[in-house]
Amino acid sequence: MKYLKKFAAMGLAVVMAASMTACGSTPTESTGESRTAVSEPQTPATESTVQDSGKDYEDCTLTFSWWGGESRHEATIEAVRAFEEKYPGIKVENTYGAWSGWEDSMATMFATQTAPDVNQVNWNWLTAYSADGSAFLDLHQVEDVLDLTQYDEASLAQCTVAGELQAVPASMTGRIFYWNKATFDKAGIAVPMSLADLMDAGRVFKEKLGDDYYPLVLGEYDRMILMVYYLESAYGKPWVEDNQLQYTQEEIEKGLEFIRVLEEAHVTPSIKKLLGDGADSLDKNPKWMNGTYAGIFEWDSSAGKFNSALEDGQEFVVGEFFQDMGQYQGGYSKVSLAFAISETCQHPREAAMLLNFLLNEEEGTTIMASERGVPLSAAALSNCQAKGLLNETVAEANGKVLQWVSYPLDPKFESAALKSTDGVYYDVMSGLSYGEYDIRTAAELLVEGINEELAR
Amino acid sequence: MEKTRGKRLSGRARRRLSVVLRYAVLISVGVVMVYPLLWMAGATFKENSEIFSGINFIPKNPTLSGYQNAMKDYGGDINIWKSMLNTYSYVIPKVVFTLFSATITAYGFSRFKFFGRNFLFAVLMSTLFLPQVVLNVPQFILFTKLGWVDSRLYLPLIVPTLFATDTYFVFMLIQFMRNVPRELEEAAKIDGCNVVQTLVKVVAPMLMSALVSCALFQFMWSSNDYMGPLLYVKTPANYPAAIFVKLSMDADTGFEWNRVLATSLISIIPSLVVFFLAQDQFVDGIAAGGVKG
Amino acid sequence: MKNQKVSFEKKMRQNVGFLFILPWLIGFLIFKLYPFASSLFYSFTDYNLFKGITKFTLDNYVHIFNTPKITRALGVTFKYAFMTVPLKLVAALFVAYILNFRLKGVKFFRTAYYIPSILGGSVAIAVLWKAVFKDEGLLNALLGIFGVESINWLSDPSLALFVICLLRVWQFGSAMVIFLAALKNVPEELYEAAAIEGAGKWRQFFSVTVPLITPIIFYNLVTQLCQAFQEFNGPYIITEGGPRNSTTLISLLIYNSAFKNYEMGMASAMAWVMFVILLVFTVIAFMSQKHWVYYSDDERG
């Protein structure tokens with residue numbers, strides 16, 4: 001089914017692309033006169049005839065913002081330059097930085113209506129900044145230049161808030177197990193293919209390798225997500241739907257029990273032990289690097305990070321989802337990054353052309369490759385695959401996640417009141433691990449905290 | 001110093017012991033203080049995977065890749081040197097303006113009685129206490145209205161210092177001024193100095209060591225400030241070092257620690273040098289002003 | 001006539017003083033008053049950065065005192081401030097005093113001691129601090145030599161705050177520099193006089209040095225208190241508020257509320273509660289001045 005859909009989408013894309021060039025080569029009424037005067041009087045002969053005679057866009061300056069690391073900056077700057085070359089007259093001013101503090105700065109700008117025209121956005125910003133659709137443009141308005149047919153409906157639905165398509169997703173991501181095969185080899189067992197394997201590995205690790213070795217390491221938030229994956233597998237319903245928590249107190253108690261058993265069965269270290277390791281995050285934890293902790297449950301997009309953290313002699317493998325966690329394919333995927341056009345943008349059409357160039361067109365996607373995860377756009381994906389531009393591990397992880405998970409994620413799942421270090425997830429999971437809460441209290445607190453957030 | 005008469009030998013031994021003790025304390029505390037910098041310097045030559053494996057600062061397989069990458073240029077927009085130049089192009093005006101405005105304000109508060117002084121002093125002090133986080137948004141609105149956001153001249157960062165908005169320094173100078181005996185000023189007045197001359201010729205020299213500390217702190221804090229430039233500087237070509245250092249960091253895909261540490265290390269060198277040079281002023285203090293006694 | 005002249009002079013003097021502080025006053029009115037007033041105003045509203053203001057209310061303040069998480073954070077903040085400030089001041093003054101002697105190589109040591117303050121909240125510090133205090137860290141290894149069992153510095157809720165506090169004490173550099181500047185202003189004759197009277201170094205320190213630098217001690221006390229109550233970086237880079245919220249300072253909640261939840265009304269209310277508490281302490285400190293702070297410009301003589 002899925003493939004069929006993709007083929008259909010690609011077919012459509014080809015038609016679209018064809019129609020666009022056609023549109024471009026035939027001069028439309030309004031464009032010619034109004035803009036030729038403005039464009040610089042350079043030698044028109046050198047420019048391709050398509051652009052010269054049939055410029056169906058206005059000269060303008062767009063502002064464009066994103067965060068990320070060095071390779072993403074470089075690729076994006078290069079792609080933007082290519083865009084400027086392709087559409088002379090459109091100038092793009094970039095602003096970019098590291099994630100740290102970026103959200104504060106963007107929030108301040110969106111709140112004061114001074115944000116750049118085109119922005120890389122986090123998925124939860126859509127609901128946080130624009131619950132009524134006032135911060136971001138409805139992209140259906142610029143469908144003629146931004147090819148939305150490249151995206152499957154489910155992912156577009158995740159970016160639809162207040163009935164408007166407020167952003168176009170760059171990639172999807174979900175959680176998956178990664179194993180360090182070297183440690184499992186040392187213990188004389190294969191990497192877990194099922195929950196039963198994992199529980200058994202806990203016992204074997206303790207017996208053969210010693211108390212310090214664990215087959216899986218989970219922080220507070222990891223525990224929360226794994227619990228949701230577990231519950232969705234067991235009960236076959238999404239965690240939250242229509243702003244309602246779908247699980248009862250008893251069901252959640254089962255989920256928490258599952259997490260507690262993992263700790264008791266020496267599958268995963270206690271939170272106290274983990275904090276005592278004194279690492280900022282798992283990829284900086286020496287016990288992950290040297291194989292003492294032999295597994296993690298992480299985003300597919302961070303596979304590269306955890307892989308490269310491993311010392312020589314360790315072996316990183318992408319795990320399988322467990323068939324025996326329940327009778328359903330539980331778990332969720334979410335939009336990892338998206339692009340949005342600000343409502344304040346003066347040239348939405350040209351902004352959409354920029355997005356289309358970066359996300360769908362061959363030239364742009366070749367440069368951008370998998371800088372923002374495995375591209376979701378069908379055209380971009382096939383282009384990157386054909387040219388071998390994807391990181392193999394990340395592509396494998398992403399493929400497995402998208403094939404397995406079946407539930408959408410409620411945007412409020414990630415709201416700060418729940419997810420931040422002073423939020424309810426941390427409190428419940430660490431309280432349970434520290435023995436401050438019993439299962440019942442923990443479940444009550446969790447339900448209460450989530451309902452409070454949903455009611456907001 | 002040579003006034004130990006009776007028990008000369010034991011006195012000398014005691015003095016020697018006390019010197020040894022002092023150095024022992026100085027060195028052992030010194031190691032604790034310097035170690036992070038040593039580790040950081042060592043880590044810039046390490047491979048990324050080695051950085052978190054321990055607290056030994058000597059790299060196993062030294063590499064220069066951290067430094068090579070630190071020299072990278074982002075599309076010709078910005079590099080480490082340019083960003084440092086940017087930093088000091090607003091830090092230095094900030095330091096100068098702060099010294100002037102804070103001295104003047106402190107002088108006004110500590111030496112004159114005027115209507116509403118106590119109330120205004122309370123207002124001044126209270127501006128120390130409200131956390132910056134909640135002021136960010138209203139301040140941003142204000143600077144947006146003034147059209148100063150992303151100004152090439154870093155107006156939102158510099159202009160407020162013209163008006164002694166860094167209360168910390170005003171309060172510091174007030175406290176130091178209150179320790180300067182008034183007699184000197186009375187004498188200057190009798191000699192025919194007006195208030196401005198008194199401030200410049202008598203009070204300021206007495207405050208030299210305090211002024212140097214102010215300059216030093218403003219220099220270092222402004223160079224380190226991250227949130228201010230992040231909010232008000234949007235064009236990459238104008239980014240200061242504090243932002244440049246973080247440019248290569250990506251929480252999603254991980255990043256090159258040796259490079260981040262190398263850029264941080266390069267960017268704090270001016271602060272280290274400035275401190276090393278400025279500290280003579282603490283030593284000489286009043287003597288430099290030549291008003292001693 | 002004479003009277004008039006005096007009052008004119010007095011007036012002049014008043015106006016001159018006012019002229020000196022005028023730049024600050026203008027700056028305050030433009031750059032500070034508006035943000036200040038806004039935050040006070042917001043604290044009585046349900047202002048969400050993106051949803052705007054829908055009502056005026058006292059809910060925020062009620063909520064603060066009804067929410068265990070927040071009152072607890074206030075308590076932790078107090079504990080933190082009253083642990084950190086005295087330790088830091090004592091360390092800074094002690095080291096400044098030693099560095100004030102004319103010893104060889106003192107310049108090097110002064111720079112060395114200031115380094116932690118230059119590093120600020122750098123990643124290097126976060127990494128090392130944790131490496132020292134983690135379960136298998138340096139400190140536990142040292143204690144192990146003396147047969148002390150290893151201690152969970154980072155993961156025991158009753159100890160983690162102390163680790164954060166030590167981080168700040170360690171960064172005593174700026175307070176030290178200010179003390180150094182003050183020590184340099186103590187005339188050497190006074191030490192000589194005290195030495196002739198037979199006072200040892202420690203007696204001199206307590207009977208000559210300390211009284212003379214009380215204004216600067218007072219200054220450091222107030223500003224350090226102010227910084228401690230607003231402390232953010234320490235817990236942010238080392239413990240993220242954990243374990244079990246034992247290092248969740250109020251500033252962390254304010255930050256999360258403002259820029260993670262975008263509840264500016266709530267964030268402003270918390271900030272103002274803290275502001276008022278700090279104000280009370282500062283007023284107490286200012287009133288206590290006459291009992292222990294010595295000003296040489298004191299007109300009362």
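A residue counts as buried if 20 or more other C-beta atoms lie within 10 Å of its own, exposed if 12 or fewer do, and partly exposed in between, with C-beta atoms placed from the backbone. This is a predicted model: local features need pLDDT of at least 70, side-chain atom pairs count only at pLDDT 80 or more, and totals for chains, interfaces and linings use all residues. Residues are numbered from 1 along each chain as its sequence is written, while chains are lettered from A and ligands numbered from 1 in the order in which they are written.

View 1. Y168(B) sits in helix 7 of chain B. Helices (H or I, at least four residues) and strands (E, at least two) are DSSP runs, numbered from the N terminus. Is Y168(B) buried or exposed? Y168(B) is buried, because 20 other C-beta atoms lie within 10 Å. Leaving out residues up to four places away in sequence, Y168(B) touches L128(B) and T223(C). Here, contact means that two C-beta atoms, placed from the backbone, lie within 7 Å. Q218(B) is 50 residues from Y168(B) along the chain, and their C-alpha atoms are separated by 10.0 Å.

**View 2. Chain B as a whole.** Chain B has 13 helices and zero strands. The radius of gyration of chain B is 24 Å, well over the 19 Å that the globule rule gives for 293 residues, so chain B is more spread out than a compact globule. That radius is taken over C-alpha atoms, and the rule is 2.2 Å times the number of residues to the power 0.38. Along the principal axes, the C-alpha atoms of chain B fill a box of roughly 70 × 70 × 30 Å. Buried residues make up 50% of the 293 residues. Take the contacts in chain B between residues at least 6 apart in sequence: 71% of them join residues at least 24 apart.

**View 3. Where chain B meets chain C.** The contact takes 73 residues from chain B and 72 residues from chain C. Which helix of chain B gives the most to this side? Helix 13 of chain B does, with 13 residues. By class, the side of chain B that touches chain C has 52 nonpolar, 17 polar and four charged residues. Ala, Val, Leu, Ile, Met, Phe, Trp, Tyr, Cys and Pro count as nonpolar, Asp, Glu, Lys and Arg as charged, and the others, Gly among them, as polar.

**View 4. Where chain B meets chain A.** Here 29 residues of chain B are in contact with 30 residues of chain A. Helix 5 (132-145) of chain B gives the most to the chain B side, with five residues. That side has 16 nonpolar, nine polar and four charged residues.

**View 5. A strand pair in chain A.** Strand 1 (residues 60-67) and strand 2 (residues 90-97) of chain A run parallel, joined by eight bridges. Two strands pair if DSSP finds at least two bridges between them. C60(A) has I90(A) as its bridge partner in strand 2. Between the strands, the chain passes through helix 4 (residues 70-86) of chain A, and this β-α-β crossover is right-handed. That term means that, with the strands pointing away from the viewer, the path from the first strand over the helix to the second runs clockwise.
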